[in-house]
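User: I would like to learn how to read the side-chain features of a protein model, one kind at a time. Could we begin with how accessible a residue is?

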Amino acid sequence: MNEETSQKPAVGPVTRLLEKQNQRPQFHDYPNYFYAGFLIRLFAYLLDLLCITAVTGLLLGLPANLFGWTKSTELLSVYGSLTLLIYLAYFILLTKLNQGQTIGKMVFGIRVICFNEEELSWQTVLIREGACRFVLRGSFFMIGYLVTIFTANKQHIGDYFSDTSVVTINLLAAREGFIQE
């Protein structure tokens, strides 16, 4: 009889598993007002597009004009593929090497953070900035950025896949200053 009462119910491990999923490690847990909204992220993205256009013009446009190459924007063309490579390399390299900031994010005082990593890993950056930006760059799929308006942590579709979001640096600096004093 003691053996029967000492056994735990079968739902115990399942309940603990569900509790573990809800208690994922949070390195960056901030109030909702710390997260950057849709408009500031849009303006940062537009500034990044200007930078990418300038870099593409210098690296590809100048040689294309000198040698008379055609500037086809189709993905399967050489020019189109190189343009895409510059676009993705810009976001991947700057985000990883500059603590989650591109030039547009630096100007507007925002940066990318990951909820389950202290610093952004290459895997996280490649998923968010490589794969997700590749998918979300199409006209129809840009709707995936509008999700930012309606989510609690102001995440777009790519943020959900990489478990990231974008925060305002000034609020982080104020919080750190408050905690240290």
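User: What is the relative accessible area of Phe-108?

Analyst: A residue is called buried under 20% relative accessible area, exposed over 50% and partly exposed in between, with a 1.4 Å probe and protein chains only. Phe-108 has a relative accessible area of 33%, and it is therefore partly exposed. Before going further, note that this is a predicted model, in which local features need pLDDT of at least 70 and side-chain atom pairs count only at pLDDT 80 or more, while totals for chains, interfaces and linings use all residues. Residues are numbered from 1 along each chain as its sequence is written, and side-chain values use heavy atoms, with hydrogens and water left out.

User: What is the secondary structure of the protein chain, and how many of its residues, as a percentage, count as buried?

Analyst: Helices (H or I, at least four residues) and strands (E, at least two) are DSSP runs numbered from the N terminus. Here the protein chain has eight helices and two strands, arranged along the sequence as α-α-α-α-α-β-α-α-β-α. Of its 181 residues, 36% count as buried.

User: How many aromatic pairs does the structure hold?

Analyst: Rings of Phe, Tyr and Trp (its six-membered ring) pair if their centres lie within 6.5 Å, and the pair is stacked with planes under 30 degrees apart, edge-to-face over 60 and tilted otherwise. The structure holds six such pairs. One of them is the stacked pair of Phe-43 and Phe-108, at 6.4 Å centre to centre and 25 degrees between the planes. Because Phe-43 lies in helix α3 (residues 38–67) and Phe-108 in helix α5 (residues 103–108), this pair ties together parts that are 65 residues apart in sequence. Phe-43, at 44% relative accessibility, counts as partly exposed. Since Tyr-45 lies in helix α3 and Tyr-145 in the loop between α6 and α7, the pair ties together parts that are 100 residues apart in sequence.

User: Are Tyr-45 and Tyr-145 buried or exposed, and which residues do ring pairs link into a cluster?

Analyst: Tyr-45 counts as buried at 13% relative accessibility, and Tyr-145 counts as buried at 14%.

User: Which residue lies over the face of Phe-91?

Analyst: A charge sits over a ring if NZ of Lys or CZ of Arg is within 6 Å of the ring centre and within 35 degrees of the ring normal. Here Arg-133 lies over the face of Phe-91, at 3.8 Å from the ring centre.

User: With which residue does Arg-133 form a salt bridge, and how many salt bridges does the structure hold?

Analyst: A salt bridge is a side-chain nitrogen of Lys or Arg within 4 Å of a carboxyl oxygen of Asp or Glu, and the structure holds four. Arg-133 bridges to Glu-129, with the closest N and O atoms 2.5 Å apart. The two residues are separated by about one helical turn, because they are four residues apart in helix α6. Arg-133 is buried at 6% relative accessibility, and Glu-129 is buried at 0%. Glu-129 also forms a salt bridge with Arg-128, the closest N and O atoms being 2.4 Å apart, and Arg-128 is buried with a relative accessible area of 3%.

User: Which aspartate forms a salt bridge with Arg-128?

Analyst: Asp-159 does, with the closest N and O atoms 2.6 Å apart. This pair links distant parts of the chain, since Asp-159 is in helix α7 (residues 157–162) and Arg-128 in helix α6 (residues 122–136), 31 residues apart. Asp-159 is buried, as is Arg-128. Together with Arg-41, the residues Arg-128, Glu-129, Arg-133 and Asp-159 are linked in a network of salt bridges.

User: How many disulfides does the structure hold?

Analyst: A disulfide is a covalent bond between the sulfur atoms of two cysteines, counted when the sulfur atoms are within 2.5 Å. The structure holds zero disulfides. Cys-51 counts as buried at 18% relative accessibility, and Cys-132 counts as buried at 9%.
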